[in-house]
Every structure is written in structure tokens, then in C-alpha cells.
Amino acid sequence: MKNEALSRLEGLIGRWKLTLTDAVFLESPDEKVEATSTFEWISDAFIMWHWIGGDDPAQDAHLVFGRSDANDRDVAIYHDGRGVCRIFEMTFGDGQWTLTREDPDFHQRFIATVEADRIEGRWEASEDAGATWRKDFDLIFERAG
């Protein structure tokens, strides 16, 4: 039986085209990087978001969404081709999606507006425990199938 609380993510299931823009780590803010992405149930209790960033496996990443029913909290566990692992708290509902982490190295958050076939979000980081934030990049999802 699927986890009832995670069933609200059902609208994400499928293939998406990703477009990364306005990134602090690219040479120009006008530069765009495209990728493919999928969301899929990997069991009745977990959804995996996988994206392939191109020819370089270091750009591939996974997020597995799960939940702590007892704490009424959603979480996402992240891993990418660089070997980076992170845990995020997640909220999802009413057209909004957030992922946040407050780790000793730095704080990070993803804030997005969700529509049926399009998601517009941005990743931000803070090196001073959330006192100030800088945008890392914008991320646009467009349903591909």
C-alpha cells in the first residue's frame, strides 16, 4: 500500500526536461544547461528523482523522497556523481515545494512553484546559518512525458 502522505507527489511522476539558468558557477548568467529528469515510485514508500546532467557522470544526481509518519515530516536524501550526500527537510502542497537543509558546512534551500506541467524553482545557499542567502541557480522543469 502506497504511503498516503507521499501520494500527493503523484503529479511529479514521469519524465521532465530541466533547464538550469542564472547560475553563479557558469561563465554567463544567460548560459543555459539542459538535462533530463524522472520521478518514479521505487516502492510503496519512496519516490526517486533522478536527473542526468549530460556527458559528465559527476552531473548526475538522485533524491529519494520518504517520510517519518511519527514526526509528520517529509525528507529527501540526496547523492550526486561527485560523491556528495545530503539530507533535506521537504514540504510539498498548495502549489509550493521546498527542500531545506541546515548543516554545519552551509545552509541550502530549494523554493519552487508547482503547476501540472511546469515547475519553476531556485536553489539558494547561506554560509552564515541563514542570516543572508544568495541564489545558486534557477531550475525550470517542463513535463516531457
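In which sense do β7 and strand β8 pair, and over how many bridges? I found that β7 and strand β8 (residues 107-114) pair in the antiparallel sense over 7 bridges; strands here are DSSP runs of E of at least two residues, numbered from the N terminus, and two strands count as paired if DSSP finds at least two bridges between them.

Before going on, I noted that this is a predicted model, in which local features need pLDDT of at least 70 and side-chain atom pairs count only at pLDDT 80 or more, while totals for chains, interfaces and linings use all residues. I also noted that residues are numbered from 1 along each chain as its sequence is written, and that side-chain values use heavy atoms, with hydrogens and water left out.

**Around β7.** The link from β7 to β8 is a hairpin through 4 residues, and Glu102 has His107 in β8 as its bridge partner. I then checked the two faces of strand β7 (residues 96-102): Trp97, Leu99 and Arg101 make up the covered face, whereas Gln96, Thr98, Thr100 and Glu102 make up the uncovered one.

**The barrel.** I traced a closed barrel of 10 strands, running in order from β1 to β10 with antiparallel pairing. The twist averages 25° from one strand to the next, taken between axes that are lines fitted to C-alpha atoms, with angles running from 0 to 180 degrees between N-to-C directions. Strand β1 (residues 14-21) and strand β10 (residues 134-143) run antiparallel and are joined by 6 bridges, and Thr21 stands opposite Asp138 in β10.

**The largest pocket.** What volume does the largest pocket have? I read about 750 Å³, a volume being the space filled by probe spheres set on grid points that are joined across faces, edges and corners. A pocket is an open set of points on a 1 Å grid over the protein atoms alone, where a 1.4 Å probe fits, with protein on both sides within 12 Å along at least five of seven lines, and lining residues have an atom within 4 Å of a point. The lining holds 29 residues, of which Leu20, Phe25, Trp51, Tyr78 and Phe137 lie nearest the centre. The largest share of this lining, 4 residues, comes from β10.

Methods: Buried means under 20% relative accessible area, exposed over 50%, partly exposed in between (1.4 Å probe, protein chains only).
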